[in-house]
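Me: I would like to check the labels attached to this model one at a time. Please give the value and the cut-off behind each.

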Amino acid sequence: MVDSDRVMAERIHAIVKANAPELSPKLWYGMPSYARDGKVVCFFQTAEKFKARYATLGFNDSASLDDGTMWPTAFALTELTAADETRIGELVKKAAS
């Protein structure tokens, strides 16, 4: 993993562990992910792996993020600000509930 993606992945790992310690870290298609009862709830995709201009934090359908008839399931990340980290913590906590 390139340094910029590694830094984000490590920070996301800390955020997930602080906000949803019940999720188990695992590799999923070679990328960091977090599972409940063996099902991946959220994951981090590096920009490099898919030759994209940004990394992605994604949520699978096992995440409890339903909000009406439409809601985001992935977020582009170019860096992590304090506000981003707070929002990610909230999303991960909700996804794990």
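Me: How many helices and strands are there in the chain?

Reply: The model is a predicted one. Its chain has 2 helices and 5 strands, and from the N terminus on the elements run α-β-β-β-β-β-α.

Me: What share of the 97 residues is buried?

Reply: Buried residues make up 37% of them. The chain exposes about 5900 Å², and carbon and sulfur atoms supply 52% of that area.

Me: Why is Ala 96 called buried?

Reply: The label requires a relative accessible area under 20%. Ala 96 has 7%, and therefore counts as buried. Ala 96 is found in helix 2. Leaving aside neighbours within four places in sequence, Ala 96 is in contact with Ala 20, Glu 22, Leu 23 and Arg 36.

Me: Why is Ala 74 called partly exposed?

Reply: Partly exposed lies between the two cut-offs, under 20% for buried and over 50% for exposed. Ala 74 has 42% relative accessibility, so it counts as partly exposed. Ala 74 has its place in strand 5, and its contacts, leaving aside neighbours within four places in sequence, are Thr 56, Leu 57 and Gly 58.

Me: How do you know what helix 2 should span, and how far apart are its end C-alpha atoms?

Reply: The expected span is 1.5 Å times one less than the number of residues. Helix 2 (residues 82-96) has 15 residues and should therefore span 21 Å; its end C-alpha atoms are 21 Å apart, which agrees.

Me: Which residues of helix 2 are buried, and what do they pack against?

Reply: The buried residues are Ile 88, Gly 89, Leu 91, Val 92, Ala 95 and Ala 96. Residues three or four places apart in an α-helix point the same way, because there are 3.6 residues a turn. The buried residues of helix 2 pack against helix 1 (3-19), strand 2 (31-36), strand 3 (39-45), strand 4 (55-59) and strand 5 (74-77).

Me: How many positive and negative side chains does the chain have?

Reply: The chain has 12 positive and 13 negative side chains, and the centres of the two sets lie 4 Å apart.

Notes. Residues are numbered from 1 along each chain as its sequence is written. This is a predicted model: local features need pLDDT of at least 70, side-chain atom pairs count only at pLDDT 80 or more; totals for chains, interfaces and linings use all residues. Side-chain values use heavy atoms; hydrogens and water are left out. Helices (H or I, at least four residues) and strands (E, at least two) are DSSP runs, numbered from the N terminus. Buried means under 20% relative accessible area, exposed over 50%, partly exposed in between (1.4 Å probe, protein chains only). Contact means heavy atoms within 4.5 Å. Accessible areas come from the Shrake-Rupley method with a 1.4 Å probe; for residues, only the protein chains shown count as cover. Lys and Arg count as positive and Asp and Glu as negative; His and the chain ends are not counted. The place of a charge is taken as NZ of Lys, CZ of Arg, CG of Asp or CD of Glu.
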